[in-house]
Amino acid sequence: MFGAAPKFTLLGDQPHSGEEDPLGFHELAESLAQLILASRRSTPFTLGIEAGWGMGKSTLMARLRERLAREGETAKVTTVEFNAWTADETGVLEGLMKTVLNEMDPNVLRRTLRKKRLMSWVRVVVSVAAGWLRISSIVDQVWDRVAGDPRARNELRDLVEQAVTDWREKQGGVPDDALLCVFIDDLDRCTSEGVLEVFEAMKLYMDVPGFVFVVGYDRDIVSDLVHQKKSYIESIK
């Protein structure tokens with residue numbers, strides 16, 4: 001005969017959403033949101049959410065993303081969500097870059113591509129981008145050009161910087177206020193190649209004013225993945 005039911009419940013692996021706060025993350029998410037908003041003039045910077053699997057990283061990130069999204073146009077904050085694990089099979093670098101650029105106003109991106117001071121390879125796609133194309137079509141055209149030309153890849157950062165500058169200016173008010181907050185989850189579930197591609201995108205191509213990255217990962221796992229790929233003598237701790 002069984003006794004009284006235990007006074008506990010099991011939580012699933014899916015991030016919790018809703019008004020309830022079973023993990024007690026409300027105050028932490030609020031503090032992180034205020035930190036990001038107060039540091040908007042210090043971009044770019046990265047905020048790491050470090051914890052083991054099942055410890056609530058995704059739930060905290062979702063709560064923080066919702067908190068920043070509520071600021072909306074008032075605080076000139078745009079949030080972007082990217083799951084590195086689900087993109088690992090098709091190319092993390094391409095997926096992350098396209099996800100971010102797709103958040104921009106297509107008219108802004110078109111104007112950026114037309115600017116004469118940008119690199120010459122960009123003007124190759126202007127004839128395509130100048131039409132009434134969806135933003136995803138424009139981004140696909142840009143990426144196809146980048147993927148096929150090493151010189152274009154080297155100058156991709158200049159395009160991203162100019163596009164973000166133009167996007168921030170269109171937000172109104174003080175241009176330096178607008179933020180693109182990119183949430184990158186499940187980095188520790190990627191292959192070593194996927195992890196390094198995320199770092200490549202963040203450091204080589206999107207290390208420009210306006211970006212805030214919030215990355216969720218297990219530090220030990222990511223350290224080991226980088227160690228395996230780069231063959232360092234010791235893990236990066």
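Student: How do you know that 45% of the 237 residues of the protein chain count as buried?

Tutor: Each residue gets a relative accessible area: under 20% is buried, over 50% is exposed, and partly exposed lies in between (1.4 Å probe, protein chains only). Of the 237 residues, 45% count as buried. Do keep in mind that this is a predicted model, where local features need pLDDT of at least 70, side-chain atom pairs count only at pLDDT 80 or more, and totals for chains, interfaces and linings use all residues. Residues are numbered from 1 along each chain as its sequence is written, and side-chain values use heavy atoms, with hydrogens and water left out.

Student: What makes a set of residues a nonpolar core?

Tutor: The members must be buried Ala, Val, Leu, Ile, Met, Phe, Trp, Tyr or Cys, joined through side-chain atoms within 4.5 Å. The largest such core has 46 residues, and M97, I184, M206 and F211 have the most contacts inside it. A second, separate core of 19 residues includes L47, I49, L179 and V212. In soluble globular proteins, nonpolar side chains tend to be buried together.

Student: Which residues is T79 in contact with, leaving aside its neighbours within four places in sequence?

Tutor: Contact means heavy atoms within 4.5 Å. T79 sits in strand β2, residues 77–83, and its partners are R65, L68, A69, E103, C181 and F183. T79 and F183 are 104 residues apart along the chain, yet their C-alpha atoms are separated by 7.4 Å.

Student: What makes β1 and β4 a pair?

Tutor: Two strands pair if DSSP finds at least two bridges between them. β1 and β4 (residues 211–217) have six bridges in the parallel sense, so they meet that definition. Along this pairing, F45 stands opposite V212 in β4.

Definitions and conventions
Helices (H or I, at least four residues) and strands (E, at least two) are DSSP runs, numbered from the N terminus.
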